[in-house]
Amino acid sequence: MKSPITGREMKVLREAASLSFRKEDFDITYHFFECEDSKERYTDDVLDQINTIQVHNRYREKYGIPFPEEIKNIRMIYGISANKMSEILGLGTNSYRLYESGDMPSVAIGRLILSIKDPIEFIKQVRASAHIIKEKESEKLIKFAEQLIADREEKKRQRKVVLEKKEIPGELNGYKALDLDKISGIISFYNKENGISLCKTKLNKLLFYSDFQNYQRYGYSMSGITYQAIQYGPVPYRYDKLYVKLSEIGKLSIEEKEYGEGIFGDDIKSIENFDRELFEDSEFEILSCIVNSLGKMTTKQIVDKSHNELAWKENHQTCSLISYKYAFSLTEQLSLKVLNQNFCEEKEMIPA
(Lines give C-alpha, C1' and ligand atoms only; values in the text may rest on other atoms or scores of the structure.)
Protein backbone atom coordinates (compact mmCIF):
# COMPACT_ATOMS: atom_id res chain seq x y z
CA MET A 1 0.00 0.00 0.00
CA LYS A 2 1.31 3.47 -0.89
CA SER A 3 1.28 6.34 1.54
CA PRO A 4 -1.39 8.90 0.60
CA ILE A 5 1.04 11.56 1.86
CA THR A 6 4.34 10.63 0.16
CA GLY A 7 3.22 8.13 -2.47
CA ARG A 8 5.88 5.67 -1.27
CA GLU A 9 5.23 2.03 -0.37
CA MET A 10 4.60 1.49 3.34
CA LYS A 11 5.70 -1.47 5.42
CA VAL A 12 3.33 -3.69 7.34
CA LEU A 13 4.15 -3.40 11.03
CA ARG A 14 2.80 -5.28 14.03
CA GLU A 15 2.41 -4.54 17.71
CA ALA A 16 0.53 -5.80 20.74
CA ALA A 17 -2.89 -4.20 20.97
CA SER A 18 -6.34 -4.69 22.44
CA LEU A 19 -9.47 -4.53 20.27
CA SER A 20 -13.07 -4.48 21.46
CA PHE A 21 -15.79 -6.88 20.34
CA ARG A 22 -19.25 -7.10 21.89
CA LYS A 23 -18.17 -4.82 24.72
CA GLU A 24 -15.11 -6.93 25.61
CA ASP A 25 -11.43 -6.29 24.96
CA PHE A 26 -9.21 -8.98 23.42
CA ASP A 27 -5.41 -8.89 23.11
CA ILE A 28 -4.17 -9.48 19.56
CA THR A 29 -1.19 -8.83 17.29
CA TYR A 30 -2.39 -5.70 15.50
CA HIS A 31 -1.33 -5.25 11.84
CA PHE A 32 -1.07 -1.82 10.23
CA PHE A 33 0.73 0.25 7.62
CA GLU A 34 2.79 3.21 8.76
CA CYS A 35 3.96 6.14 6.68
CA GLU A 36 7.66 6.48 7.37
CA ASP A 37 7.60 10.29 7.18
CA SER A 38 4.32 11.27 8.83
CA LYS A 39 4.00 8.24 11.16
CA GLU A 40 0.33 8.11 10.19
CA ARG A 41 -1.22 4.63 10.40
CA TYR A 42 -3.47 2.96 7.84
CA THR A 43 -5.10 -0.39 7.21
CA ASP A 44 -6.73 -1.99 4.19
CA ASP A 45 -9.28 -4.81 3.80
CA VAL A 46 -6.61 -7.50 4.14
CA LEU A 47 -5.14 -6.16 7.39
CA ASP A 48 -8.58 -5.41 8.80
CA GLN A 49 -9.49 -9.02 8.12
CA ILE A 50 -6.51 -10.55 9.93
CA ASN A 51 -7.06 -8.19 12.89
CA THR A 52 -10.76 -9.01 13.06
CA ILE A 53 -10.22 -12.77 12.72
CA GLN A 54 -7.87 -12.74 15.70
CA VAL A 55 -10.51 -11.04 17.85
CA HIS A 56 -13.25 -13.40 16.66
CA ASN A 57 -11.06 -16.44 17.32
CA ARG A 58 -10.51 -15.39 20.90
CA TYR A 59 -14.21 -14.67 21.41
CA ARG A 60 -15.23 -18.07 20.01
CA GLU A 61 -12.64 -19.80 22.15
CA LYS A 62 -13.74 -18.00 25.33
CA TYR A 63 -17.45 -18.74 24.91
CA GLY A 64 -17.34 -22.13 23.23
CA ILE A 65 -18.79 -20.91 19.93
CA PRO A 66 -18.04 -23.27 17.02
CA PHE A 67 -15.79 -22.08 14.21
CA PRO A 68 -17.12 -21.69 10.63
CA GLU A 69 -15.66 -24.97 9.39
CA GLU A 70 -17.12 -26.83 12.35
CA ILE A 71 -20.54 -25.24 11.78
CA LYS A 72 -20.48 -26.48 8.19
CA ASN A 73 -19.31 -29.96 9.18
CA ILE A 74 -22.17 -30.31 11.70
CA ARG A 75 -24.67 -29.62 8.92
CA MET A 76 -22.93 -32.07 6.58
CA ILE A 77 -23.41 -34.87 9.14
CA TYR A 78 -27.11 -34.82 8.27
CA GLY A 79 -26.74 -34.05 4.54
CA ILE A 80 -29.11 -31.10 4.48
CA SER A 81 -28.89 -27.57 3.08
CA ALA A 82 -27.97 -24.52 5.13
CA ASN A 83 -31.46 -23.10 4.62
CA LYS A 84 -33.06 -26.31 5.90
CA MET A 85 -30.83 -26.28 8.97
CA SER A 86 -31.88 -22.68 9.61
CA GLU A 87 -35.51 -23.81 9.54
CA ILE A 88 -34.88 -26.69 11.95
CA LEU A 89 -33.08 -24.46 14.45
CA GLY A 90 -35.58 -21.63 14.13
CA LEU A 91 -33.08 -19.17 12.66
CA GLY A 92 -33.45 -16.61 9.88
CA THR A 93 -33.52 -17.98 6.34
CA ASN A 94 -29.86 -17.30 5.52
CA SER A 95 -28.48 -17.31 9.06
CA TYR A 96 -26.83 -20.74 9.03
CA ARG A 97 -25.16 -20.04 5.69
CA LEU A 98 -23.80 -16.77 7.05
CA TYR A 99 -22.44 -18.51 10.15
CA GLU A 100 -20.64 -20.99 7.88
CA SER A 101 -19.13 -18.02 6.03
CA GLY A 102 -17.75 -16.48 9.22
CA ASP A 103 -20.55 -14.40 10.74
CA MET A 104 -20.52 -14.62 14.52
CA PRO A 105 -23.58 -16.24 16.13
CA SER A 106 -24.66 -15.31 19.62
CA VAL A 107 -23.38 -17.47 22.45
CA ALA A 108 -26.79 -19.13 22.78
CA ILE A 109 -27.06 -19.94 19.07
CA GLY A 110 -23.45 -21.13 18.96
CA ARG A 111 -24.12 -23.61 21.75
CA LEU A 112 -27.37 -24.67 20.08
CA ILE A 113 -25.44 -25.50 16.90
CA LEU A 114 -22.85 -27.43 18.90
CA SER A 115 -25.53 -29.43 20.68
CA ILE A 116 -26.91 -30.96 17.47
CA LYS A 117 -23.64 -32.77 16.82
CA ASP A 118 -25.41 -35.31 19.00
CA PRO A 119 -28.12 -36.96 16.84
CA ILE A 120 -30.37 -37.21 19.91
CA GLU A 121 -30.39 -33.41 20.21
CA PHE A 122 -30.87 -33.06 16.45
CA ILE A 123 -34.00 -35.23 16.64
CA LYS A 124 -35.36 -32.97 19.40
CA GLN A 125 -34.91 -29.93 17.16
CA VAL A 126 -36.54 -31.64 14.18
CA ARG A 127 -39.57 -32.59 16.27
CA ALA A 128 -39.81 -29.08 17.66
CA SER A 129 -39.97 -27.83 14.06
CA ALA A 130 -42.91 -30.03 13.05
CA HIS A 131 -45.03 -26.94 12.34
CA ILE A 132 -42.50 -25.81 9.72
CA ILE A 133 -41.12 -29.01 8.17
CA LYS A 134 -43.29 -31.38 6.17
CA GLU A 135 -44.14 -34.62 7.94
CA LYS A 136 -42.41 -36.92 5.41
CA GLU A 137 -39.26 -34.83 5.48
CA SER A 138 -39.28 -34.79 9.26
CA GLU A 139 -39.67 -38.56 9.41
CA LYS A 140 -36.79 -39.00 6.96
CA LEU A 141 -34.46 -36.78 9.02
CA ILE A 142 -35.39 -38.52 12.27
CA LYS A 143 -34.86 -41.94 10.73
CA PHE A 144 -31.42 -40.89 9.48
CA ALA A 145 -30.44 -39.52 12.90
CA GLU A 146 -31.68 -42.68 14.61
CA GLN A 147 -29.45 -44.73 12.31
CA LEU A 148 -26.48 -42.56 13.32
CA ILE A 149 -27.28 -43.34 16.96
CA ALA A 150 -27.55 -47.06 16.21
CA ASP A 151 -24.24 -47.04 14.33
CA ARG A 152 -22.58 -45.28 17.23
CA GLU A 153 -23.84 -47.83 19.72
CA GLU A 154 -22.78 -50.72 17.49
CA LYS A 155 -19.26 -49.36 17.26
CA LYS A 156 -19.12 -49.08 21.03
CA ARG A 157 -20.20 -52.72 21.37
CA GLN A 158 -17.54 -53.81 18.91
CA ARG A 159 -14.96 -51.65 20.72
CA LYS A 160 -13.99 -49.97 17.48
CA VAL A 161 -14.34 -46.46 18.78
CA VAL A 162 -10.96 -44.71 18.94
CA LEU A 163 -10.85 -43.30 22.44
CA GLU A 164 -8.96 -40.12 21.70
CA LYS A 165 -9.53 -36.72 23.22
CA LYS A 166 -11.23 -34.46 20.71
CA GLU A 167 -9.21 -31.30 20.32
CA ILE A 168 -11.14 -28.06 20.65
CA PRO A 169 -10.06 -25.34 18.18
CA GLY A 170 -7.79 -22.92 19.99
CA GLU A 171 -4.51 -21.04 20.01
CA LEU A 172 -2.38 -24.21 20.05
CA ASN A 173 -3.92 -25.76 16.91
CA GLY A 174 -4.51 -22.55 14.98
CA TYR A 175 -8.24 -22.48 15.74
CA LYS A 176 -8.89 -25.52 13.59
CA ALA A 177 -9.74 -29.14 14.39
CA LEU A 178 -7.18 -31.72 13.29
CA ASP A 179 -7.85 -32.62 9.63
CA LEU A 180 -6.20 -35.90 8.56
CA ASP A 181 -7.33 -35.50 4.94
CA LYS A 182 -5.74 -32.05 4.76
CA ILE A 183 -2.50 -33.33 6.35
CA SER A 184 -2.40 -36.19 3.85
CA GLY A 185 -3.02 -33.70 1.04
CA ILE A 186 -0.13 -31.50 2.14
CA ILE A 187 2.21 -34.50 2.25
CA SER A 188 0.99 -35.63 -1.17
CA PHE A 189 1.61 -32.18 -2.63
CA TYR A 190 5.18 -32.04 -1.37
CA ASN A 191 6.09 -35.67 -2.05
CA LYS A 192 4.01 -36.98 -4.95
CA GLU A 193 3.16 -33.78 -6.79
CA ASN A 194 6.56 -32.11 -6.47
CA GLY A 195 8.91 -35.03 -5.89
CA ILE A 196 10.35 -33.85 -2.58
CA SER A 197 12.01 -36.64 -0.62
CA LEU A 198 10.61 -36.57 2.90
CA CYS A 199 12.35 -37.91 5.93
CA LYS A 200 10.34 -37.30 9.09
CA THR A 201 12.53 -34.43 10.20
CA LYS A 202 12.13 -32.48 6.97
CA LEU A 203 8.40 -33.24 6.75
CA ASN A 204 7.89 -31.96 10.29
CA LYS A 205 9.40 -28.60 9.30
CA LEU A 206 7.44 -28.32 6.04
CA LEU A 207 4.19 -28.94 7.92
CA PHE A 208 5.17 -26.33 10.52
CA TYR A 209 5.84 -23.68 7.89
CA SER A 210 2.66 -24.57 5.97
CA ASP A 211 0.47 -24.10 9.02
CA PHE A 212 2.19 -21.07 10.49
CA GLN A 213 2.39 -19.23 7.16
CA ASN A 214 -1.32 -19.83 6.65
CA TYR A 215 -2.07 -18.57 10.15
CA GLN A 216 0.09 -15.48 9.66
CA ARG A 217 -2.05 -14.37 6.73
CA TYR A 218 -5.51 -15.76 7.39
CA GLY A 219 -5.81 -16.34 11.13
CA TYR A 220 -6.20 -20.15 10.88
CA SER A 221 -3.82 -23.06 10.54
CA MET A 222 -4.11 -25.22 7.45
CA SER A 223 -4.22 -28.64 9.11
CA GLY A 224 -5.11 -28.15 12.78
CA ILE A 225 -1.81 -29.64 13.96
CA THR A 226 -0.43 -28.68 17.37
CA TYR A 227 3.37 -28.18 17.35
CA GLN A 228 6.03 -28.73 19.99
CA ALA A 229 9.55 -27.32 20.21
CA ILE A 230 12.14 -30.11 20.57
CA GLN A 231 15.86 -30.47 19.90
CA TYR A 232 15.57 -30.64 16.12
CA GLY A 233 13.10 -27.78 15.76
CA PRO A 234 9.29 -27.43 15.71
CA VAL A 235 7.47 -30.73 15.16
CA PRO A 236 3.84 -31.90 15.21
CA TYR A 237 2.97 -32.94 18.75
CA ARG A 238 3.28 -36.76 18.99
CA TYR A 239 4.15 -36.86 15.31
CA ASP A 240 5.06 -40.56 15.35
CA LYS A 241 1.48 -41.44 16.31
CA LEU A 242 0.18 -39.08 13.63
CA TYR A 243 2.19 -40.73 10.85
CA VAL A 244 1.33 -44.25 12.07
CA LYS A 245 -2.36 -43.28 12.00
CA LEU A 246 -2.04 -41.95 8.44
CA SER A 247 -0.24 -45.16 7.47
CA GLU A 248 -2.96 -47.33 9.03
CA ILE A 249 -5.70 -45.62 7.01
CA GLY A 250 -3.73 -45.94 3.78
CA LYS A 251 -2.65 -42.33 3.30
CA LEU A 252 1.13 -42.83 3.38
CA SER A 253 3.88 -45.41 3.80
CA ILE A 254 6.76 -45.35 6.27
CA GLU A 255 9.97 -47.11 5.26
CA GLU A 256 13.34 -47.29 6.95
CA LYS A 257 16.04 -45.72 4.80
CA GLU A 258 19.81 -45.37 5.10
CA TYR A 259 20.99 -41.80 4.75
CA GLY A 260 24.69 -42.62 4.67
CA GLU A 261 27.44 -43.24 7.22
CA GLY A 262 25.31 -45.87 8.94
CA ILE A 263 22.54 -43.40 9.74
CA PHE A 264 19.01 -44.75 9.34
CA GLY A 265 15.68 -42.98 9.51
CA ASP A 266 12.06 -43.16 8.42
CA ASP A 267 11.23 -42.12 4.87
CA ILE A 268 7.66 -40.87 4.28
CA LYS A 269 5.97 -41.55 0.94
CA SER A 270 2.48 -40.43 -0.02
CA ILE A 271 0.19 -43.13 -1.37
CA GLU A 272 -2.66 -40.93 -2.58
CA ASN A 273 -2.54 -38.53 -5.52
CA PHE A 274 -2.81 -34.86 -4.64
CA ASP A 275 -6.44 -33.68 -4.39
CA ARG A 276 -6.58 -30.00 -5.34
CA GLU A 277 -10.22 -29.76 -4.20
CA LEU A 278 -9.15 -30.08 -0.56
CA PHE A 279 -7.46 -26.69 -0.60
CA GLU A 280 -8.52 -23.09 -0.96
CA ASP A 281 -6.66 -21.03 -3.58
CA SER A 282 -4.85 -19.18 -0.79
CA GLU A 283 -3.71 -22.44 0.81
CA PHE A 284 -2.54 -23.85 -2.51
CA GLU A 285 -0.48 -20.73 -3.15
CA ILE A 286 1.21 -21.00 0.24
CA LEU A 287 2.12 -24.64 -0.43
CA SER A 288 3.50 -23.70 -3.86
CA CYS A 289 5.61 -20.90 -2.40
CA ILE A 290 6.99 -23.21 0.28
CA VAL A 291 7.99 -25.74 -2.40
CA ASN A 292 9.95 -22.99 -4.16
CA SER A 293 11.53 -21.52 -1.05
CA LEU A 294 12.09 -24.51 1.24
CA GLY A 295 11.49 -27.64 -0.83
CA LYS A 296 15.03 -27.88 -2.20
CA MET A 297 16.69 -27.36 1.18
CA THR A 298 18.50 -30.27 2.76
CA THR A 299 17.20 -31.57 6.06
CA LYS A 300 20.03 -29.85 7.91
CA GLN A 301 19.36 -26.54 6.18
CA ILE A 302 15.67 -26.51 7.05
CA VAL A 303 16.40 -27.61 10.64
CA ASP A 304 18.93 -24.77 10.98
CA LYS A 305 16.38 -22.36 9.57
CA SER A 306 13.73 -23.47 12.03
CA HIS A 307 16.20 -22.87 14.88
CA ASN A 308 16.18 -19.18 13.95
CA GLU A 309 12.44 -18.93 14.53
CA LEU A 310 11.25 -17.28 17.73
CA ALA A 311 8.70 -20.09 17.97
CA TRP A 312 11.55 -22.53 18.60
CA LYS A 313 13.99 -20.26 20.47
CA GLU A 314 11.54 -19.41 23.25
CA ASN A 315 10.10 -22.90 23.73
CA HIS A 316 12.69 -25.61 23.06
CA GLN A 317 14.40 -25.60 26.45
CA THR A 318 11.16 -26.72 28.10
CA CYS A 319 9.89 -28.67 25.03
CA SER A 320 6.74 -26.54 25.22
CA LEU A 321 3.81 -26.56 22.83
CA ILE A 322 4.00 -23.59 20.45
CA SER A 323 1.34 -20.90 20.32
CA TYR A 324 0.32 -19.92 16.79
CA LYS A 325 0.94 -16.30 17.81
CA TYR A 326 4.55 -16.98 16.84
CA ALA A 327 3.41 -17.10 13.22
CA PHE A 328 3.65 -13.32 13.21
CA SER A 329 7.40 -13.50 13.87
CA LEU A 330 8.37 -15.97 11.12
CA THR A 331 11.66 -15.23 9.39
CA GLU A 332 10.43 -16.68 6.09
CA GLN A 333 8.36 -14.12 4.17
CA LEU A 334 6.46 -15.52 1.19
CA SER A 335 5.52 -13.44 -1.84
CA LEU A 336 1.83 -14.17 -2.32
CA LYS A 337 -0.34 -12.95 -5.17
CA VAL A 338 -3.59 -13.75 -3.38
CA LEU A 339 -2.98 -11.10 -0.75
CA ASN A 340 -0.49 -9.03 -2.73
CA GLN A 341 1.10 -7.92 0.52
CA ASN A 342 4.72 -7.77 1.63
CA PHE A 343 4.87 -8.49 5.35
CA CYS A 344 8.07 -6.86 6.52
CA GLU A 345 9.84 -6.31 9.82
CA GLU A 346 7.79 -6.24 13.01
CA LYS A 347 7.44 -3.19 15.15
CA GLU A 348 7.28 -5.44 18.21
CA MET A 349 7.59 -9.20 18.35
CA ILE A 350 4.81 -10.90 20.28
CA PRO A 351 6.25 -14.02 21.95
CA ALA A 352 3.06 -15.30 23.51
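1. A cavity here is a set of grid points where a 1.4 Å probe fits but cannot get out, and its lining residues are those with an atom within 4 Å of a point. The model under discussion is predicted. On that basis, Asp27, Ile28, Thr29, Gln54, Arg58, Glu171, Tyr175, Tyr215, Lys325 and Phe328 line the largest cavity.

2. How many cavities of 30 Å³ or more does a search of the whole structure find? The search finds two. The largest cavity holds about 50 Å³ of space. Rolling a probe the size of a water molecule over the atoms shows where empty space is left.

3. Two elements, strand 2 and helix 1, each give two or more residues to the lining of the largest cavity. Strand 2 has the largest share, with three residues. Sorted by class, the lining has four charged, four nonpolar and two polar residues.

4. Strand 2, residues 24–34, pairs with strand 1, residues 11–21, in the antiparallel sense over 11 bridges. Within this pairing, isoleucine 28 in strand 2 is the bridge partner of alanine 17. Ile28 is also one of the residues that line the largest cavity. The two strands form a hairpin with two residues between them, and arginine 22 in the turn has a positive phi of about 50°.

5. Strand 2 also pairs with strand 3, again in the antiparallel sense, over two bridges. Here arginine 41 in strand 3 is the bridge partner of glutamate 34. Strands of a sheet pair through backbone hydrogen bonds, either parallel or antiparallel.

6. Taken together, the three strands make an open sheet in the order 1-2-3 with antiparallel pairing. Strand 1 and strand 3 (41–42) stand at the edges with a single partner strand each, so one side of each is left without a neighbour in the sheet. Helix 1, residues 45–63, packs on the sheet and touches strand 1 and strand 2. The direction of helix 1 makes about 165° with that of strand 2.

7. Which side chain meets that of arginine 58 in a salt bridge? The partner is glutamate 171, at 2.9 Å from N to O. Arginine 58 lies in helix 1 and glutamate 171 in the loop between helix 7 (135–157) and helix 8 (180–193), so the pair ties together parts that are 113 residues apart in sequence. Both Arg58 and Glu171 are in the lining of the largest cavity. The count for the structure comes to 20 salt bridges.

8. Another hairpin joins strand 5 to strand 6 through two residues. In strand 6, proline 236 is the bridge partner of tyrosine 227.

Terms used: Residues numbered from 1 in each chain as written. Predicted model: local features only at pLDDT ≥ 70, side-chain atom pairs only at ≥ 80, totals over all residues. Heavy atoms only, no water. Pairing = 2+ DSSP bridges. Helix = DSSP H or I, 4+ residues; strand = E, 2+ residues; numbered from the N terminus. Contact = heavy atoms within 4.5 Å. Axes fitted to C-alpha atoms, helices over the stretch in contact; angles between N-to-C directions. 1 Å grid on protein atoms, 1.4 Å probe; cavity = no way out; pocket = protein on both sides within 12 Å on 5 of 7 lines; lining within 4 Å. Points joined across faces, edges and corners; volume = space filled by probe spheres on them. Nonpolar A, V, L, I, M, F, W, Y, C, P; charged D, E, K, R; others polar. Salt bridge = Lys/Arg side-chain N within 4 Å of Asp/Glu carboxyl O.
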